[in-house]
Amino acid sequence: MLEPLNEGFLSRISDLLLCRWTCRHCCQKCYESSCCQSSEDEVEILGPFPAQTPPWLMASRSSDKDGGSVHTASDVPLAPRTNSPDRRCSSSDTSKSTYSLTRRISSLESRRPSSPLIDIKPIEFGVFSAKKEPVQPSVLRRTYTPDDYFRKFEPHLYSLDSNSDDVDFLTDEEILSKYQLGMLHFSTQYDLLHNHLTVRVIEARDLPPPMAQDGARQDMAHSNPYVKVCLLPDQKNSKQTGVKRKTQRPVFEERYTFEIPFLEAQRRTLLLTVLDFDKFSRHCVIGKVSVPLCEVDLVKGGHWWKALIPSSQNEVELGELLLSLNYLPSAGRLNVDVIRAKQLLQTDVSQGSDPFVKIQLVHGLKLVKTKKTSFLRGTIDPFYNESFSFKVPQEELENASLVFTVFGHNMKSSNDFIGRIVIGQYSSGPSESNHWRRMLNTHRTAVEQWHSLRSRAECDRVSPASLEVT
């Protein structure tokens with residue numbers, strides 16, 4: 001049979017819970033009820049309070065000393081305690097202890113203000129010194145000067161030269177009178193059923209007379225115009241009309257189709273460039289017309305007369321060549337595949353070009369071997385797919401160079417030079433060097449890459465191997 005708790009133990013438990021919440025003394029003193037005997041002890045609420053006694057408690061004590069009605073914990077009579085185990089608590093003793101606990105709680109609640117304002121000081125960590133400096137995160141700030149803002153500008157975007165004039169606000173008549181480069185007639189229409197854009201180059205008029213930069217031009221009175229068509233920013237997949245001989249009012253009447261989605265076509269810009277062909281001199285750019293396709297109704301279609309404006313492209317592109325290189329160390333063979341070329345410079349007025357490629361192996365500065373492809377008639381986009389193999393020992397590979405020259409075949413005179421590149425020890429440019437380096441790092445694997453053809457003078461200037469071939 002369990003013995004009921006005596007009155008003394010229950011009273012001590014209540015005093016322990018109450019004193020632990022109100023006093024700053026240890027639990028032992030709370031259990032012995034020695035901390036609540038003196039009315040002069042400081043009362044402190046546990047929590048993030050300042051170390052000194054709160055002002056509201058000091059004011060409460062002064063009111064008590066002046067005869068206030070607020071009771072302190074010391075005014076509350078303690079319940080009698082006994083250590084005898086034989087005594088059992090009665091209902092009157094239990095109610096007395098409960099009443100004492102209730103009076104103490106109500107007395108403390110009357111002392112505490114409803115919402116005290118507490119000033120919590122920041123905790124400082126670190127070594128204490130005589131001079132305390134606040135530790136704050138430093139913010140890196142850059143001081144700007146007026147010169148910093150002007151350095152962001154790109155002066156070429158605001159230049160007033162003839163090649164960057166804003167012609168959007170000029171009419172075609174004003175452009176024609178200002179530049180006097182002639183006009184171009186063309187049309188566009190998009191086929192939603194087959195998803196392609198059709199560009200029709202119709203004719204041109206009032207083209208200026210030829211302006212040869214050297215004395216090799218024979219006819220200074222008439223031009224041999226043709227038109228290149230592309231959709232910017234893609235200038236590689238361009239189309240080219242035939243050359244019209246000795247006329248300033250050429251009639252082309254040629255159509256070209258671009259396989260492109262409708263939404264993508266609206267983001268492109270149609271660029272038509274009129275050039276002047278000359279067999280014995282370099283081709284010259286007469287002028288250009290650019291039309292953002294987002295500004296026209298592609299489905300309905302339409303045709304326009306547009307005045308030509310000067311082009312910043314002074315040099316005519318010579319075309320591109322697709323090559324594949326592969327080296328077999330065990331056999332000591334350097335394999336070369338001439339796959340195709342596109343948009344080659346036209347060398348014949350009537351039928352385009354009859355292009356072929358000459359491949360020459362140069363070891364150091366000595367010509368070792370020469371091979372060439374067959375020529376294809378009447379095209380500027382030939383497909384060759386021809387392979388060649390050269391005997392090159394592995395120890396001599398680093399000193400080898402391959403010179404690729406594209407010519408237009410001519411039955412009556414010497415072949416017409418179109419363009420050249422050099423790949424190997426004396427490469428003609430960064431693209432050629434990158435192709436050679438990739439081939440050296442991947443033996444027994446064919447490496448393909450497109451190359452833009454360069455002029456003979458440019459190759460001779462940067463590559464000694466170009467000077468050793470014809």
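Is Asp206 buried, exposed or partly exposed? At 42% relative accessibility, Asp206 counts as partly exposed, where buried means under 20% relative accessible area, exposed over 50%, and partly exposed in between (1.4 Å probe, protein chains only).

The structure is a predicted model, in which local features need pLDDT of at least 70 and side-chain atom pairs count only at pLDDT 80 or more, whereas totals for chains, interfaces and linings use all residues. Residues are numbered from 1 along each chain as its sequence is written, and side-chain values use heavy atoms, with hydrogens and water left out.

**Backbone features in the loops**

Asp206 lies in the loop between β2 and β3. Helices (H or I, at least four residues) and strands (E, at least two) are DSSP runs, numbered from the N terminus. Most residues other than glycine have a negative phi, and most peptide bonds are trans. Asp206, however, has a positive phi near 55°. Asn195, in the loop between β1 (183–191) and β2, likewise has a positive phi, near 55°. The peptide bond between Leu232 and Pro233 is cis, with omega about 10°; Pro233 belongs to the loop between β3 (225–232) and β4 (234–240).

The following residues illustrate the range of accessibility.

| Residue | Relative accessibility | Class |
|---|---|---|
| Asn195 | 41% | partly exposed |
| His196 | 16% | buried |
| Phe277 | 1% | buried |
| Asn335 | 21% | partly exposed |

His196 is part of strand β2 (residues 196–205). Contact means heavy atoms within 4.5 Å. Not counting residues up to four places away in sequence, His196 touches Gln189, Tyr190, Asp191, Thr257, Phe258, Glu259 and Ile260. Phe277 is found in the loop between β6 (269–276) and β7 (284–292). Its C-alpha atom is separated by 9.5 Å from that of Leu345, 68 residues apart along the chain.

**The four-stranded sheet**

An open sheet of four strands has the order β12-β11-β14-β15, with antiparallel pairing; two strands pair if DSSP finds at least two bridges between them. β12 (366–372) and β15 stand at the edges with a single partner strand each, so one side of each is left without a neighbour in the sheet. Direction ignored, neighbouring strands of this sheet are turned by 20° against each other on average. Axes are lines fitted to C-alpha atoms, for helices over the stretch in contact, and angles run from 0 to 180 degrees between N-to-C directions.

Strand β11 (residues 355–363) is joined to β14 by nine bridges. Pro355 stands opposite Gly408 in β14, and His363 has Ala400 of β14 as its bridge partner. Six bridges join β11 to β12, again in antiparallel fashion, and Ile359 is paired with Lys371 of β12. These two strands form a hairpin with two residues between them, and Gly364 in the turn has a positive phi of about 70°. Eight of the nine residues of β11 are buried, so β11 is largely enclosed by the rest of the structure.

**Helix α8 and its cover**

Helix α8 lies across β14 and β15, running at about 45° to β15. The expected span of a helix is 1.5 Å times one less than its number of residues. For the twelve residues of α8 (residues 430–441) this should give 16 Å, and the end C-alpha atoms are 17 Å apart, which agrees.

Which residues of α8 are buried? They are Glu432, His435, Trp436 and Met439. These residues cover an arc of only 95° around the axis, which puts them on the same side of α8; the arc is that of the directions from the helix axis to the C-beta atoms. On the other side of α8, Pro430 and Asn441 are exposed. The cover over the buried residues includes β9 (320–328), β10 (333–342), β14 (400–408), β15 (416–424) and β16 (447–452).

**Asn335 in strand β10**

Asn335 lies in strand β10. Leaving aside neighbours within four places in sequence, Asn335 is in contact with Ser324, Leu325, Asn326, Leu328, Phe388 and Ser389. The C-alpha atoms of Asn335 and Ser324, eleven residues apart along the chain, are separated by 8.2 Å. With Ser389, the side chain of Asn335 makes a polar contact to the side chain at 3.1 Å. A polar contact is a pair of N or O atoms within 3.5 Å; within protein, one must be able to donate a hydrogen and the other to accept it, and residues adjacent in sequence count only if both atoms are side-chain atoms.
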